[in-house]
Amino acid sequence: MKKISLDYSKAIPFIKEQELGFMEDMVKLAHQKLHQREVPGSEYTGWLDLPQRVEQDEFKRIRETINRLSQKAEVLIVIGIGGSYLGAKSAIELLGHTYRNQMGQGMEVYFAGTNISSTYLADLLELVKDKEIAVNVISKSGTTLEPAIAFRVFRRMLEERYGEEGARGRIVATTDASKGALKQLAEEKGYETYVVPDDVGGRYSVLTPVGLLPIAAAGIDIEEVIDGAKAGIDLFSREALADNDCYCYAALRNILYNKGKSVELLTSYEPALSYFAEWWKQLFGESEGKEHKGLFPASANFSTDLHSLGQYIQDGRRNLFVTTMWAEEARRKVLVPDIADGDDGLDYLVDKELHYINEMACKGTIMAHSQGGVPNLKIEIPKLTPFYYGQLVYFFEKACAISGYLLGVNPYDQPGVEAYKKNMFNLLGKPE
């Protein structure tokens, strides 16, 4: 079976082989402590074996919910922020048709509560005003401002359009099992509910109903996603660095960090991976950015951004390294056509497949950047399928946990996030 793998040959000029060897004992200790649940934040390590705990009954219930909603509505509005939407958004963008909402593949899925922009929300309301809609509101507490405002707006729309009883059948709440404002409201109103597990933090929650329900609504096989994550458990739970590309990635990024690299730039050559990079940025940014430590996670989409950021990467400050996600097989194929008058200078590319040209762009860029003094790591994905999506999610979740422990931080809390909220609420005059 093919698997996600790591190529760090273009980082070797910047890393002595013994440096990776010196990390071996530290990685093994982090592995053992993590699997024994003897780490800071151990109460949030439910993601570790989560794929093995997802049962057929859960798949069946999610399918039944989507079937019920799709009989009433053509559009699903997913309301959430951070980990409550990034995982689902990343899967739908990665695995669906580029224009899936216009192509009729599954329910149309749109996201709200991801910001406080009046223009964004007004435009979305205008888009769906003549469509049959349903809502999946996702919040552990129900009080996070961005999704709470969006839910209030859409709840009012549903109740005015369908009445309270009709709205009840179109709203699904994914929230805490026993407490919180959204849980209380869901019980009072009789909404169907799914549980955000207590032992899984938001940025690790894509393989729970938080992500699985919207992913299923988009017509994606969630069982295959979970099967890929299960394969990831086997592949990425081996202690030795030589046997575990996930741990090797965690070790390498820490070695580069200790050499003064303060930025990790995650790149890809498929636009479909752009939102996966957004999910990755939250995963690593919230997990490691604390106690004045941590790599700054940034992202770019090549070859597009080579025409804007390429100059800086090649000749700017040497404070970054690049990690490239590369899909080995394209989901669809396009050949460069022959034309009668080849006056555009492209005859040398006739009948060549665009994915091959894209691959040469990737190889040429990695070569240029490494020669220019920028270390490069490459994560190779066999194909962009639900199976490999699940495996990729688990790869990065496991790498993030190990990397956080190597860095000496708790990868599950996010104390700094509360600072802006406190100031915002004070400025808004929120009652104590």
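Okay, hi everyone. Before anything else: what we have here is a predicted model, so keep that in mind as we go.

Let's start with the rings. A pair of aromatic rings is described by how far apart the centres are and by the angle of the planes. In this model the count comes to 19 aromatic pairs. I'll pick out a couple. Take Trp47 and Tyr204: the ring centres are 5.3 Å apart and the planes sit at 25 degrees, so this pair is stacked. And where do Trp47 and Tyr204 lie? Trp47 is in the loop between helix 1 (17-35) and helix 2 (50-53), while Tyr204 is in the loop between strand 6 (192-195) and helix 9 (209-217), so the pair ties together parts that are 157 residues apart in sequence. Are they buried or exposed? Trp47 is buried, at 1% relative accessibility, and Tyr204 is buried too, with a relative accessible area of 1%.

Now compare that with Phe151 and Tyr191. Here the planes are 80 degrees apart and the centres 6.4 Å apart, which makes an edge-to-face pair. Phe151 belongs to helix 7 (residues 145-168), and Tyr191 to the loop between helix 8 (181-189) and strand 6, so this pair links parts that are 40 residues apart in sequence. Both Phe151 and Tyr191 are buried.

Rings can also gather in a group. Ring pairs link Phe236, Tyr249, Phe276, Trp279, Trp280, Phe284, Tyr389, Phe395 and Phe396 into a cluster.

Next, charges over rings. The charged end of Arg170 sits over the ring of Tyr162, 3.7 Å from the ring centre. Lys430 does something like this with Phe425: its charged end sits over that ring, 4.2 Å from the centre.

On to salt bridges. How many does the structure hold? There are 30. One of them joins Arg168 and Glu165, with 2.1 Å from N to O. These two are three residues apart in helix 7, so about one helical turn separates them. Glu165 is exposed, at 59% relative accessibility, whereas Arg168 is partly exposed, at 25%.

Lys363 and Glu359 make another salt bridge, at 3.7 Å from N to O. They sit four residues apart in helix 14 (residues 354-371), which again means about one helical turn between them. Lys363 is partly exposed at 42%, and Glu359 is partly exposed at 23%. Some salt bridges also share partners, and in that way Arg37, Asp49, Arg53 and Asp199 are joined into one network.

There's also Arg238, which forms a salt bridge with Asp234, the closest N and O atoms being 3.2 Å apart. Arg238 is partly exposed, with a relative accessible area of 33%.

Last topic, the cavities. The structure holds two of 30 Å³ or more. The largest has a volume of about 50 Å³, and its lining includes Tyr8, Ile12, Lys16, Glu17 and Leu252. By class, that lining has six nonpolar, no polar and two charged residues.

The second largest cavity comes to about 30 Å³. Which helix gives the most to its lining? That's helix 11, with three residues. Helix 11 (245-258) and helix 15 (386-407) each supply at least two of the lining residues. This lining has three nonpolar, three polar and two charged residues, among them Arg253, Tyr257, Glu288 and Ser403.

Definitions and conventions. Residues numbered from 1 in each chain as written. Predicted model: local features only at pLDDT ≥ 70, side-chain atom pairs only at ≥ 80, totals over all residues. Heavy atoms only, no water. Phe/Tyr/Trp six-rings, centres within 6.5 Å; stacked < 30°, edge-to-face > 60°. Buried < 20%, exposed > 50% of the residue type's maximum accessible area, 1.4 Å probe, protein only. Lys NZ or Arg CZ within 6 Å of the ring centre and 35° of its normal. Salt bridge = Lys/Arg side-chain N within 4 Å of Asp/Glu carboxyl O. 1 Å grid on protein atoms, 1.4 Å probe; cavity = no way out; pocket = protein on both sides within 12 Å on 5 of 7 lines; lining within 4 Å. Points joined across faces, edges and corners; volume = space filled by probe spheres on them. Nonpolar A, V, L, I, M, F, W, Y, C, P; charged D, E, K, R; others polar.
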